[in-house]
Amino acid sequence: MSPRKDTQKSRGFSAEERAAMKERARELKAEERANKDRAEGERDVLAKIAEMPESDRVMAQRIHEIITASTPSLSPKTWYGMPAYALDGKVVCFFTSADKFKSRYATFGFNDTANLDEGTMWPTSFALKELTAADEARIAALVKKAVS
């Protein structure tokens, strides 16, 4: 093996990915201190939403409202610097700002703890450019199903 030359690009994590991992480490420490305090989790989520560019902030705020109203059993928390919602400490769903990883769309997604199984294949994340009333109803229904 030859040593890596300075002109070669690293195939490791991007700066955004490293920042997300560092943020997750801070979140884990905060979770321990807060002992899964729902109010503190909600403050953290709302602070993350407030940092987002306007288009993402509007969607994230609305998704937060939908989730907290339709599934109060989920606890808001941050997860890799993103708003997320957990059941028994395990993240069920999350919102990723388009700006977070310099993507062309925001994402609303579910982890494998979500009870969304349908046949042999089903969607676990959705691209978002804006939210319509139909989208909001679908999100509420999916989140309710995810925790059923």
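On helix α4, the face turned away from the buried side carries the exposed residues A133 and A134. Here, buried means under 20% relative accessible area, exposed means over 50%, and partly exposed is in between (1.4 Å probe, protein chains only). Helices (H or I, at least four residues) and strands (E, at least two) are DSSP runs, numbered from the N terminus. The model is a predicted one, where local features need pLDDT of at least 70 and side-chain atom pairs count only at pLDDT 80 or more, while totals for chains, interfaces and linings use all residues. Residues are numbered from 1 along each chain as its sequence is written, and side-chain values use heavy atoms, with hydrogens and water left out.

Back to α4 itself. Its buried residues are E136, I139, A140, L142, V143 and A146. What covers them includes α3 (54-70), β3, β4 (106-110) and β5 (125-128), with contact meaning heavy atoms within 4.5 Å.

One of these covering elements, strand β3 (residues 90-96), holds T96. T96 is buried, with a relative accessible area of 11%. Leaving aside residues up to four places away in sequence, T96 touches M82, F101, A106 and T107.

Next come the charged pairs. Side chains of opposite charge can pair when their charged atoms come close. A salt bridge is a side-chain nitrogen of Lys or Arg within 4 Å of a carboxyl oxygen of Asp or Glu, and the whole structure has 7 of them. In one, K48 pairs with E23, the closest N and O atoms being 2.3 Å apart. K48 sits in helix α2 (residues 38-51) and E23 in helix α1 (residues 15-34), so the pair ties together parts that are 25 residues apart in sequence. K48 is buried at 18% relative accessible area, and E23 is buried at 13%. Both belong to a salt-bridge network that also links E51 and K100.

Another bridge brings E118 and K145 together (3.4 Å, N to O). This pair links distant parts of the chain, with E118 in the loop between β4 and β5 and K145 in helix α4, 27 residues apart. E118 counts as exposed at 53% relative accessibility, whereas K145 is partly exposed at 32%.
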